[in-house]
Amino acid sequence: MISELGIGPIDTGADFAATLSELPATWTNDDHCSWAAWWNASDSSYSVDFVRGTESEQEPIVLVSTSAADPITPGVGPRTGEGLGIGSSKDEVLSQHPDAVAGQAQIGEGTWLGVPTAGAMIFFEYYTATDQANAVTVTTLETPPYEVCG
């Protein structure tokens with residue numbers, strides 16, 4: 001479930017190490033990106049990742065995201081209570097959240113719709129040539145980042 005808190009059992013503001021320790025061993029976290037953890041669906045249709053702040057190992061989780069493989073398979077992955085997620089169109093998001101704000105990706109020509117909540121922002125992200133969300137990010141950051149490990 002995607003909510004203003006996070007995605008599934010991963011909440012923004014939570015302890016990174018404690019959250020990772022409660023997840024199945026199918027989650028990856030390595031020295032290359034010690035601040036991030038990720039998981040891939042067995043059919044490779046989507047993935048989920050989460051990130052803590054990078055200032056110290058004690059920083060809380062600031063972002064949880066689910067993203068589609070290319071091409072996008074609509075309907076895969078976690079959904080909001082309204083049924084929105086990977087594959088949702090901008091019109092679908094706006095019909096459920098008319099207060100959503102539009103923005104441009106930090107790099108490239110992609111766009112996003114940000115849904116303000118009492119908790120973190122929920123961003124529906126779109127590739128340039130499609131009207132299907134390729135990612136949904138719940139974050140305490142001002143905008144969704146271009147990448148989480150790079």
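Two strands pair if DSSP finds at least two bridges between them. Helices (H or I, at least four residues) and strands (E, at least two) are themselves DSSP runs, numbered from the N terminus. The model described here is predicted, so local features need pLDDT of at least 70 and side-chain atom pairs count only at pLDDT 80 or more, while totals for chains, interfaces and linings use all residues. Residues are numbered from 1 along each chain as its sequence is written, and side-chain values use heavy atoms, with hydrogens and water left out.

A hairpin of five residues links strand 7 to strand 8. Strand 7 covers residues 111-115, and strand 8 covers residues 121-126. The two run antiparallel and share five bridges. Leu113 has Phe124 of strand 8 as its bridge partner.

Strand 7 is mostly covered, with five of its five residues buried. Buried means under 20% relative accessible area, exposed means over 50%, and partly exposed lies in between (1.4 Å probe, protein chains only). One face of strand 7 carries Thr111, Leu113 and Val115, and the other carries Trp112 and Gly114; both faces are covered.

The largest nonpolar core has 30 residues. Such a core is a set of buried Ala, Val, Leu, Ile, Met, Phe, Trp, Tyr and Cys residues joined through side-chain atoms within 4.5 Å. Ile10, Trp27, Phe50, Val64, Val93, Ile122 and Phe124 have the most contacts inside the largest core. At least two of its residues come from each of helix 1 (16-22), strand 4 (46-52), strand 5, strand 7, strand 8 and strand 9 (133-139). Another core, of five residues, lies apart from it and includes Ala36, Val51, Val62 and Leu63. In soluble globular proteins, nonpolar side chains tend to be buried together.

Phe50 belongs to strand 4. Phe50 counts as buried because its relative accessibility is 0%. Contact means heavy atoms within 4.5 Å. Leaving aside neighbours within four places in sequence, the contacts of Phe50 include Ile10, Phe16, Trp27, Trp35 and Val64. Under the same exclusion of neighbours within four places, Ile10 touches Leu5, Thr19, Leu23, Trp27, Phe50, Ile61 and Val64.

Thr66 is part of strand 5, residues 61-68. Thr66 is buried because its relative accessible area is 0%. A polar atom of its side chain lies 3.0 Å from the backbone oxygen of Ser47. Beyond neighbours within four places in sequence, Thr66 is in contact with residues including Ile2, Tyr46, Ser47, Pro78 and Asn134.

Aromatic rings form five pairs in the structure. Rings of Phe, Tyr and Trp (its six-membered ring) pair if their centres lie within 6.5 Å. One aromatic cluster consists of Phe16, Trp27, Trp39, Tyr46 and Phe50. The charged end of Arg52 sits over the ring of Phe16, at 5.9 Å from its centre. For Lys90, the charged end sits over the ring of Tyr126, 5.2 Å from the centre. A charge sits over a ring if NZ of Lys or CZ of Arg is within 6 Å of the ring centre and within 35 degrees of the ring normal.

Note on methods. Phe/Tyr/Trp six-rings, centres within 6.5 Å; stacked < 30°, edge-to-face > 60°. Polar contact = N/O pair within 3.5 Å; in protein donor to acceptor, adjacent residues only side chain to side chain.
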